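Okay, everyone, let's get the model up on the screen.

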Amino acid sequence: MTGRRRLSPAVVLLIVAGALVAVSAVRALTGAQDVTSPGQIAGALTMAVPIGLAGLGGLWAERAGVVNIGLEGMMILGTFFGAWAGWQTSPWLGVLAGMAGGALGGLVHAFVTVTIGVDHIVSGVAINILALGATQYLAKLVFADKPAGSPKQSPPIDDIGSVSLPWVSDWLDKVAAHHWFLVSDVAGILGGLTTDVSLLTLLAVALLIGTFFALWKTAFGLRLRSCGENPTAAESLGVNVYRYKYLAVIASGALAGLGGVFIAMVPSHIYNEGQTGGRGYIGLAAMIFGNWRPGGLAMGAGLFGYTDSLQLRNGGPSVHALLLLVAVLLLVIALWRAYRRRWTAAVVSAVAGAGLLVWYATTDTVPIEFVGATPYVATLLVLSLASQRLRMPKADGLVYRRGQGK
């Protein structure tokens, strides 16, 4: 154990309030109004959901001691099978089919890693490659000769539906349009979270909350997590370690498959080759950033979804404004690390912050090529800053053989 105490709800709320004030100040100083606009926040939510679902899948697997690098491949299976069944029948049957496709990938990963004992990373990479090749072949076979279809794209899928808060979302949009300090920013965020919210988004939120209660508030969750911490001790107490690992990895695949279904059905309404765009890997990064817990995972998915939305909205000026915020944050971190006498980390943070500050001061916007890389840069930056406080399950990634606890 690290010995660090978890943040209290009051401290978390204080951090959130401070972040809102900082973002509002940056918006006011730079004039980048899209930073907290309802459209930007709605886009961030849409981009965050598949990342969060992939990360939630990784959480289930790794809490049971199985590293799931194959999340990307399971998402790819979800996009294809979800789109195929959704186009043939109905969107909700497509959701079930996509989850089944991802669960199939999870079953293969569980068999290879748990029963056979293959290295988890090797198995995950193989699943990613096999899923990509299989869906490319099946798409040519199924969609190539269909109206509005092609070897790389499915025909359109019916909308799965969305909801808004009556009157509230319109009123919030009007308040956000005034660009008042902090008030309009809060209104923009709330407006984006309450306008045209997909039913799959609500399902994802329910699964996040359900995961917390299932894994941390039930005897089932305690047994499953014990398989990731000390499977030998768990088996000695009568836990069927293989069964729990299988259940966790299959659930992991189903959740990643649901993330793939979301990508195919909500933003685009079609299957398109390569549309996951590495979000399975970013979901894994969000899970690590969240320290293998649902709340932290949700924060990480929100951050990466926000940066993903920026680049999709051609947010050169917005990314340029955020350079100022990140520069100030890095300089504050440098001062804190210097106070803690961690000189190397302080110097690195200070140099990076000063570099971003110079970049902001000497430019008016950010090149579109860098804007497109923003989600991946944010992934690397956040993981590097969070690496000191992380603690993975002790038996995560270790091969376990039945009978070791006897």
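So, what lines the largest cavity? It's V66, T113, V114, H120, K245, L398, V399 and Y400. By cavity I mean a set of points, on a 1 Å grid over the protein atoms alone, where a 1.4 Å probe fits but cannot get out; lining residues have an atom within 4 Å of a point. This is a predicted model, by the way: local features need pLDDT of at least 70, side-chain atom pairs count only at pLDDT 80 or more, and totals for chains, interfaces and linings use all residues. Residues are numbered from 1 along each chain as its sequence is written, and side-chain values use heavy atoms, with hydrogens and water left out.

Back to our cavity. About 50 Å³ of space lies in there, where a volume is the space filled by probe spheres set on the points, and points are joined across faces, edges and corners. Searching the whole structure turns up one cavity of 30 Å³ or more.

Next, a pocket, which is an open set with protein on both sides within 12 Å along at least five of seven lines. The second largest pocket holds about 250 Å³ of space. Twenty residues line it, and A42, T46, D196, S198 and V266 lie nearest its centre. Helix 2 gives the largest share of that lining, five residues. Helices here are DSSP runs of H or I, at least four residues, numbered from the N terminus.

Now the packing. The largest nonpolar core has 62 residues, and W60, V95, L200, L224 and F304 have the most contacts inside it. A core like that is a set of buried Ala, Val, Leu, Ile, Met, Phe, Trp, Tyr and Cys residues joined through side-chain atoms within 4.5 Å. Helix 11, residues 241-265, gives the most, with 14 residues. There's also a second, separate core of 16 residues, including A44 and Y306.

Last one: is T135 buried or exposed? T135 is buried, at a relative accessible area of 1%; the cut-off for buried is under 20%, with a 1.4 Å probe and protein chains only. T135 sits in helix 5. Beyond its neighbours within four places in sequence, T135 is in contact (heavy atoms within 4.5 Å) with I76, L77, F80 and Y271.

Terms used:
Buried means under 20% relative accessible area, exposed over 50%, partly exposed in between (1.4 Å probe, protein chains only). Helices (H or I, at least four residues) and strands (E, at least two) are DSSP runs, numbered from the N terminus.
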